[in-house]
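Please look at the sequence and the 3D structure before reading on.

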Amino acid sequence: MTKWIVTSAWPYSSDIPHLGNLIGSVLSADVMARYFRMKGHSVIFVSGSDEHGTPVEIEAIRHKVPVKEFADANHLRINRLFEEWNISYDNYTRTESPVHVNFVINHFKEIYENGFIFEEEEPMHYCPKDDKILPDRFVEGICPNCGATNARGDQCDSCGKPLDAVKLIDAHCAICNGPTEIRMTKQWYFDLPKLNKRVKQYILNNKELSENAASFSLSLIEEGLKPRSLTRDTQWGIPAPFPGAKGKTIYVWMEAVLGYVSAVIEYFENKGEKDKWQEYWLDPATKSSFFIGKDNIPFHTIIFPSLILASKKDYTLPTVVSATEFLLFNGKKFSKSRRIGIWIDEALEILPVDYWRYSLLSIRPESGDVNFTYETLEEKVNSELNDKIGNFVNRTLSAIKRFMGGKITERPKLSQQGEGMVQQISVRHDKVGELYEKFRIQRAVKLTLDQAEEGNAYLNATEPWKTFKFDPEKAYESLYVIARISKALAVELYPIIPSTAEKIWTFLGLNSKLEDADWSEAKADFDYPLKIGKFHPLFMKIKKKEIIKKLKEIREKEG
């Protein structure tokens, strides 16, 4: 048994996540958390709402609502939506959590005392109209590296590089869109160059980092790490605990990543096991996985490891940083203002959750940006879910009910063909597991689909509805084999589409709960007798035009 801390990037509570946000972090992490639990590992799956970011403050200003009130409401809404998406968090928390606030304050006190923080004056953007020193996220302009417009003051979404807001070209205030001035203000800095060698060694020695995460991080290190500003002139956030820093707060990106630790602390505190978090974060044998979009790579491979190294405590460093490429919608980036894409609340009003989970995971952008279209959704639901998986399971259950009275009383003596098919179930199942161990989720989904395809092909080849009349033993063998494939399919689908997998498990009349089943259960025989329960079709076909119509109606209601 291995101890696993599974995490997903913390979504801004400024808005509801869209499908691209979901597949890039939350949904991928949920799949692996479910898989690791089925493998018998000790799993703690955590994340939370990133509430102190400037986007939250900006949206609260725009909605003319106090920022705390705005953050509270959105956190509850996002948390509820993740529950409806069947995301199996052990603790979904928030950066306003007292546990997180206290941990961040104490952590930065420690690294200040360890000599990793210094202060100096720096130029900052000032908005004359709002009479406000502007944090990086309140400033937008042209990226000095790639020339992209609307680059944020902290990072450019187009090239992915962290930015110095002062170097933005034609900068303007994100609140009023007015021009800014540069003024000097005292800030506190994290002395990242001091950790340059240790972070580089960590990345070089960690063979489980995704290729894009490792290469991108090493390129930044080779350019030379720069000190990172730690404080901001804003009231919304965690107070900076440094001498002379009254009125300053900790920069959101420097405190939110510490939430991966504080969320585990909070989880055990809620269980009345206050110090048990140390058995995970302070145990070198513990493994951790971080599911993020490629635009978040440096904060998880450089900033977060550096922050915990600076504490001089024996924190376990990130094992896996699985960074997906971007999910595009009809060839364009998701944009709420331009109504490009689908948001996770809208999706659930349009189709059942497993339709979305499967469709997204089956095209997870692991090796390049992937385009999601209505045609993609239609194909995934109609051709793969309905025609292959749903059709196979329904044919299996119907045949057993029709020819065997809904029962399989014992394992039949199998022919060479039958034994070969049962062995292939195990072979395919082991390969699915190997892909999950390599965090190749999209490929694991494809191989899971192959189980259903092989089952359909076998059923068509053996034709038990014909052989039953003159060779009932051969028909019985066929029905036994497809029942075994259906059982394996239920296990393999559980990390992907858990609600559907549980239905298949129940339809088969299996007595135990699927959520308690071991991953190896897919290769195990039945506890006899097996009695098929009531069943119904798993999926319904969809039409592109109806999806578009539903989305339009939802948005018209919202105004």
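Tyr 126 stands opposite Glu 181 in S9. The model is predicted: local features need pLDDT of at least 70, side-chain atom pairs count only at pLDDT 80 or more, and totals for chains, interfaces and linings use all residues. Residues are numbered from 1 along each chain as its sequence is written, and side-chain values use heavy atoms, with hydrogens and water left out.

**Two sheets**

Helices (H or I, at least four residues) and strands (E, at least two) are DSSP runs, numbered from the N terminus. Two strands pair if DSSP finds at least two bridges between them. Strands of a sheet pair through backbone hydrogen bonds, either parallel or antiparallel.

Strand S4 (residues 117–127) and strand S9 (residues 181–190) run antiparallel and are joined by ten bridges. Both belong to an open sheet of four strands in the order S5-S4-S9-S10, with antiparallel pairing. At its edges are strand S5 (132–134) and strand S10 (228–229), each pairing on one side only.

Another open sheet has three strands, ordered S7-S6-S8, and its pairing is antiparallel. Strands S7 (151–152) and S8 (169–173) each have a single partner strand, so one side of each is left without a neighbour in the sheet. Three bridges link S6 (residues 139–142) to S8 in the antiparallel sense; Val 139 has Cys 173 of S8 as its bridge partner.

**A bent helix**

Helix H13 (residues 374–404) bends by about 35 degrees at Leu 385; the bend is the angle between axes fitted to the seven residues ending there and the seven starting there. Gly 405 follows H13 and has a positive phi, near 65 degrees.

His 18 lies in the loop between strand S1 (3–8) and helix H1 (19–38), while Trp 253 is in helix H7 (residues 252–256). Buried means under 20% relative accessible area, exposed over 50%, and partly exposed in between (1.4 Å probe, protein chains only).

| Residue | Relative accessible area |
|---|---|
| His 18 | 15%, buried |
| Trp 253 | 9%, buried |

Contact means heavy atoms within 4.5 Å. Not counting residues up to four places away in sequence, His 18 touches Phe 334, Ile 342, Trp 343 and Ile 344. With the same exclusion, Trp 253 touches Tyr 12, Arg 137, Asp 154, Asn 296 and Phe 299.
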